[in-house]
Amino acid sequence: MYFIEDNYRHIREKIAQACKRGGRIPDEVNVIAVTKYVSMETTQKALDAGIVHIGESRAQDALPKWEALGDRGTWHFIGHLQTNKVGAIIGKYSYVHSLDRLSLARELDRKGNQSGIITRCMVQVNISGEETKHGLAPDQVQEFLREIEAYQNIEIAGLMTMAPYVEDPEETRWIFRALRELRDDFRKQGFANAPMHHLSMGMSNDYEIAVEEGATFIRIGTALVGNERE
Ligand SMILES: *Cc1c(COP(=O)(O)O)cnc(C)c1O
């Protein structure tokens, strides 16, 4: 089963081409293998292929994988995070990509403070405005950042968004561009706990456009490790 290596090579080539088009350096683009639809064995193969970033969206389902493979990679929590699940993920996941409310920020900070852990977070922004998507509206983010600025056990590493699935990913370019502009703006404002280096955007169908527009983390499931539930 070498398909993950082939997929990864193909994706890295596409990233290199997108970087050329966007005037970027491929090393700035980190690929997260989203393993929520695949087994422990396939997750292990992704790590064997040299992928270091692993993304999961359900704390409970992913726990056995983390227990077996946790020290081999950097783990990213990418799904909606219930406040009462913070204890189950803190210290295991280096990044939470779905920070979208004050109660969650407070709990991540509180639990982090108890155990001396700083969790890196992306604030999830609902750029597209779809009702089914989680995330803050773009015009709510600034106030949110101000409210959580004193929290020392979370670091706001950047912003995250999800674009709707469309046939022609070119249609989603404006979403990725808007997230980048928002990030640049907040980075300039210099919130104490918010270095804002990162843009978590782009999935299997639209990552090339996201890379052209500045993505530093792309979250790829199907196109990289497949979907064993189909
Ligand atoms: C499942 C998921 C992905 C990966 O989706 P693919 O289309 O399979 O690449 C990326 N980001 C989030 C937040 C997800 O839930």
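Guide: Let us begin with Gly-91, which lies in the loop between α4 (86-89) and β4 (95-99). Helices (H or I, at least four residues) and strands (E, at least two) are DSSP runs, numbered from the N terminus. Please note that this is a predicted model, in which local features need pLDDT of at least 70 and side-chain atom pairs count only at pLDDT 80 or more, while totals for chains, interfaces and linings use all residues. Residues are numbered from 1 along each chain as its sequence is written, and side-chain values use heavy atoms, with hydrogens and water left out.

Visitor: Is Gly-91 buried, partly exposed or exposed?

Guide: Buried means under 20% relative accessible area, exposed over 50%, and partly exposed in between (1.4 Å probe, protein chains only). Gly-91 is partly exposed, because its relative accessible area is 46%. Its C-alpha atom is separated by 15 Å from that of Ala-68, 23 residues apart along the chain.

Visitor: Where does Ser-39 lie, and is Ser-39 buried, partly exposed or exposed?

Guide: Ser-39 is found in the loop between β1 (30-34) and α2 (40-48). With a relative accessible area of 28%, Ser-39 is partly exposed.

Visitor: Which helix holds Asp-109, and how far apart in space are Asp-109 and Gln-152?

Guide: Asp-109 belongs to helix α5 (residues 102-115). Asp-109 has a relative accessible area of 15% and is therefore buried. From C-alpha to C-alpha, Asp-109 and Gln-152 are 6.9 Å apart in space, although 43 residues apart in sequence.

Visitor: What does the side chain of Arg-183 contact?

Guide: A polar contact is a pair of N or O atoms within 3.5 Å; within protein, one must be able to donate a hydrogen and the other to accept it, and residues adjacent in sequence count only if both atoms are side-chain atoms. Here the side chain of Arg-183 makes such a contact with the side chain of Asp-184, at 2.9 Å. Arg-183 lies in helix α7 (residues 173-189), and its relative accessibility of 7% is why Arg-183 counts as buried.

Visitor: What is the phi of Met-196?

Guide: Met-196 has a positive phi of about 55 degrees, although it is not a glycine. Met-196 is placed in the loop between α7 and β7 (198-200). Its relative accessible area is 0%, so Met-196 is buried.

Visitor: Which residues are around the ligand?

Guide: A residue is near a molecule or strand if one of its heavy atoms lies within 4 Å of it. Among the residues around the ligand are Val-34, Lys-36, Ile-78, Arg-219, Gly-221 and Thr-222.
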